[in-house]
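Hi there,

Here is the structure I promised to pass on. Please have a look at it first, and then read on for what turned up when I went through it.

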Amino acid sequence: NSAAQKLYALMIRPQGDQFVYTLATLDPVTGVLSILSTSAPTSVYTNFQWIEGDWSTGHVFVLAGNQNSLYNLDCAIYAFDLGKDTVTMTPVNTAAFTISGFHARPEGGLLATSPGRFDPNNSSAWWLVLVDPFSGLITPQFQIVPAGFAEPHFNQVVFNGYDHATGLLYAHFDLWASYGATMAVIDVRNKAVELSPPGFLGDTHNLAYVPV
């Protein structure tokens, strides 16, 4: 049907010495772009990191990093309201947890994996956290893996990685001080984690989950 054929396109466009985020619909047959809304210009949050559609609330959420925050990993969430064709920007509170992507929950909020404060020289514990896209608050849910287990690499987020039907979230972790990697199956509802045997995924940056 026509709803199934609707594509959303995110554009990051220069405006003077700043940038704006624009969300549009793309007709897959004609290739016509129809602009829905455009953010206020920014010279700070210019590093695109992630995009996620929350169809239960009618939003598209975009995670953008602060280009001047190499280790603090400050970021903001742009919330595009599909019903009102408006967009708001909310800085994320990264005082205790840093993130690089997220998955929408049907009941609201965004699920993310986080090593706490980013430290490139140490292996911190990784946590499942809940992000409020409208306040920027991050709330820990439970620990996924302990300190000393995984590298602080922000390549763990799996595209389409949260299965709403099963409540399972999939993530990829590089093992600390080795060339190995593991897949984590995170049971969000029961607060449990199952890890695959160590393997080698080479220079894999991202994976995508496709239910069969």
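Let me start with strand E14, residues 181–187: five of its seven residues are buried, so the strand is largely enclosed by the rest of the structure. Please keep in mind throughout that this is a predicted model.

Strand E13 (residues 168–174) is joined to E14 by seven bridges, and the two run antiparallel. If you want a pair to click on, phenylalanine 173 stands opposite threonine 182 in E14. Six residues lie between the strands in the hairpin of E13 and E14, and alanine 177 takes a positive phi there, near 55°.

With strand E15 (residues 192–195), E14 pairs over four bridges, in the antiparallel sense. Here alanine 184 has leucine 195 in E15 as its bridge partner. The hairpin of E14 and E15 has four residues between the strands, and in this one lysine 191 is the residue with a positive phi near 55°.

Now to the overall picture. What does the secondary structure consist of? The protein has 16 strands and zero helices. For 212 residues, a compact globule would have a radius of gyration near 17 Å, and the 18 Å found for the protein agrees with that. The C-alpha trace spans about 45 × 40 × 30 Å along the principal axes. Buried residues make up 45% of the 212. Among contacts with a separation of 6 or more, 43% come from residues 24 or more positions apart.

Another part to look at is an open sheet of four strands, in the order E8-E9-E10-E11, with antiparallel pairing. Which strands sit at its edges? They are E8 (103–104) and E11 (138–145), each of which pairs on one side only. Within this sheet, strand E10 (residues 126–131) pairs with E11 over six bridges, again in the antiparallel sense. Tryptophan 127 is found opposite glutamine 143 in E11.

The salt bridge is between arginine 105 and glutamate 107, whose closest N and O atoms are 3.6 Å apart. The two residues differ in how they meet the surface. Arginine 105 has 17% relative accessibility and therefore counts as buried, whereas glutamate 107 is exposed, with a relative accessible area of 56%.

Finally, there is a nonpolar patch on the surface, formed by Ile12, Phe19, Phe48 and Ile51, which together have about 310 Å² of accessible area. Of these residues, phenylalanine 48 is placed in strand E4 (residues 45–54). Is phenylalanine 48 buried, exposed or partly exposed? Its relative accessible area is 39%, so phenylalanine 48 is partly exposed.

Best wishes, and happy browsing!

Key. Residues numbered from 1 in each chain as written. Predicted model: local features only at pLDDT ≥ 70, side-chain atom pairs only at ≥ 80, totals over all residues. Heavy atoms only, no water. Patch = residues over 30% accessible without salt bridge, like charges linked within 9 Å, V, L, I, M, F, W, Y side chains within 5 Å. Areas by Shrake-Rupley, 256 points an atom, 1.4 Å probe, with all protein chains shown as cover. Salt bridge = Lys/Arg side-chain N within 4 Å of Asp/Glu carboxyl O. Buried < 20%, exposed > 50% of the residue type's maximum accessible area, 1.4 Å probe, protein only. Rg over C-alpha atoms; globule rule 2.2 N^0.38 Å. Contact = heavy atoms within 4.5 Å. Pairing = 2+ DSSP bridges.
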